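Dear colleague,

Here is the structure I promised to pass on to you.

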Amino acid sequence: MAQAHMFNYQALPMRVVMGPGSLARLGGEIDQAAMERVLVLCSPEQQELGERVADLLGERAAGVHPHARTHVPLESAEAARDQAKRLGADGCVAVGGGSAIGLGKAVALEYGLRIVAVPTTYAGSEMTSVWGLTENGRKRTGRDPRALPVSVVYDPELTVGLSAAVSATSGMNALAHAVESLYAPDTSPIVRLMAEEGVRALAAALPEVVSDGFDLRARGVAQYGAWLCGACLGATSMGLHHKLCHVLGGTLDLPHAPTHTVVLPHALAYNQPAVPEAVTALSRALGGTADPARALWELGRTLGTPRSLAELGMPEEAIHEIVGLTLADTYPNPRTVTAENLTHLLRRAWAGEPPAVLPAAEKESPR
Ligand code: NAD
């Protein structure tokens, strides 16, 4: 007989439009949200795409603001807000990766302008109410429903320009959301379904995307997987893996998606002994492997991703500081984290060694 379930689940109020050519439906999404004139936000590298989106929107576009930067400096959110005011915009369209969408979220949160998101990477920020703002070199983050896009338009045609290298690491970043949602304290049956399907879709599509970036079918499957993984991120609290990547990125300025790519197999290997149900789900999604952490490490090799934190510019001497900062913070994790275990994990990730299941330390304090 099936087991009874106990869980909480909060569905997030947003629309999702997915499929090749979906960009053509952006105007309809803006009408649906009762916005009249929107400011298009994008990074300087994607200004051309921003202009294309504005052209498509015609009178509904107030202008293009191509100044999104990583980690959303407060000044850049203020500049976008001022530009929106000057142009009489009543909303924003954020086009691009997590940086452009992060700018849109900051503007939505601080200044009340709603956003429609058009993601062009697999980072998944568009599916969460998590915002970040950097002021005086310190990044503050939080969750707020006001930061959530009202609608998200996923068009795989917009991802064909994403290089093989960025596609691979961005896809691994998405996988990390699903992996950690499977063992989150606030996971639920619907999240587990989305996570398993998201991992299955992305793990199958990424090698095809990397071998032919113009394969629209594979791009569509990867984007579908990234949406599911992003939804998992939006619905649960992340553990050791995300905390470690946040500390590594914030302290050493390591690149976001490549850092997730290197750390994920190691963090999962560490947690695997404590999460048999997550291992079973990941095994199914990754083709029946007995060791999902190893399978993700091998997937990275197939995709040609960076293998080590050393390669990303982390000095070996920084391991001690990263361990201290990670332990000082609280976050939910299924397995106790100790300085000894974390040092061991980071040494392997730093050197690019395969992930290893670490034995429990003698004195583990619960987190
Ligand atoms: P990114 O947005 O910084 O994009 C990386 C680069 O790729 C940029 O130069 C961008 O212009 C370019 N690019 C994006 N799409 C492209 C395309 N289709 N073709 C060609 N070039 C393209 O990187 P990211 O990994 O998407 O996002 C990382 C940021 O997002 C980090 O700051 C991270 O903290 C944040 N993030 C937030 C959440 C959340 O829930 N708040 C979730 C995931 C990531």
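What covers the buried residues of helix H2 includes helix H1 (26-32), strand E2 (38-41), strand E3 (61-65) and strand E4 (91-96), where helices (H or I, at least four residues) and strands (E, at least two) are DSSP runs numbered from the N terminus, and contact means heavy atoms within 4.5 Å. Please keep in mind that this is a predicted model, in which local features need pLDDT of at least 70 and side-chain atom pairs count only at pLDDT 80 or more, while totals for chains, interfaces and linings use all residues. Residues are numbered from 1 along each chain as its sequence is written, and side-chain values use heavy atoms, with hydrogens and water left out.

To stay with H2, which spans residues 47-57, its buried residues are Leu-49, Gly-50, Val-53, Ala-54 and Leu-57; buried means under 20% relative accessible area, exposed over 50%, and partly exposed in between (1.4 Å probe, protein chains only). Seen down the axis of H2, these buried residues fall within an arc of 140°, so they line one face of the helix, the arc being that of the directions from the helix axis to the C-beta atoms. The face of H2 turned away from its buried side carries the exposed residues Glu-48 and Asp-55, and just after the helix Gly-58 takes a positive phi of about 55°.

Turning to the chain as a whole, there are 13 helices and eight strands. The radius of gyration is 20 Å, close to the 21 Å that the globule rule gives for 367 residues, so the chain is as compact as a globular protein of that length; the radius is taken over C-alpha atoms, and the rule is 2.2 Å times the number of residues to the power 0.38. The C-alpha atoms fill a box of roughly 65 × 50 × 40 Å, taken along the principal axes, and buried residues make up 57% of the 367 residues. Among contacts between residues at least 6 apart in sequence, 75% join residues at least 24 apart.

Two backbone positions deserve a look in the viewer. Most residues other than glycine have a negative phi. His-71, although not a glycine, has a positive phi of about 65°; His-71 is placed in the loop between E3 and helix H3 (74-86) and counts as partly exposed at 32% relative accessibility. Asp-253, also not a glycine, has a positive phi of about 60°, lies in the loop between helix H8 (240-252) and helix H9 (256-271), and is exposed, with a relative accessible area of 59%.

Within helix H8 you will find His-242, which is buried, with a relative accessible area of 14%. Not counting residues up to four places away in sequence, His-242 touches Ala-176, His-177, Glu-180, Leu-233 and His-260.

Lastly, Pro-334 is found in the loop between helix H12 (318-328) and helix H13 (339-351), and at 31% relative accessibility counts as partly exposed. Leaving aside neighbours within four places in sequence, Pro-334 is in contact with Tyr-183, Asn-271, Ala-274 and Val-275, whereas Pro-334 and Ser-308, 26 residues apart in sequence, are 25 Å apart in space, C-alpha to C-alpha.
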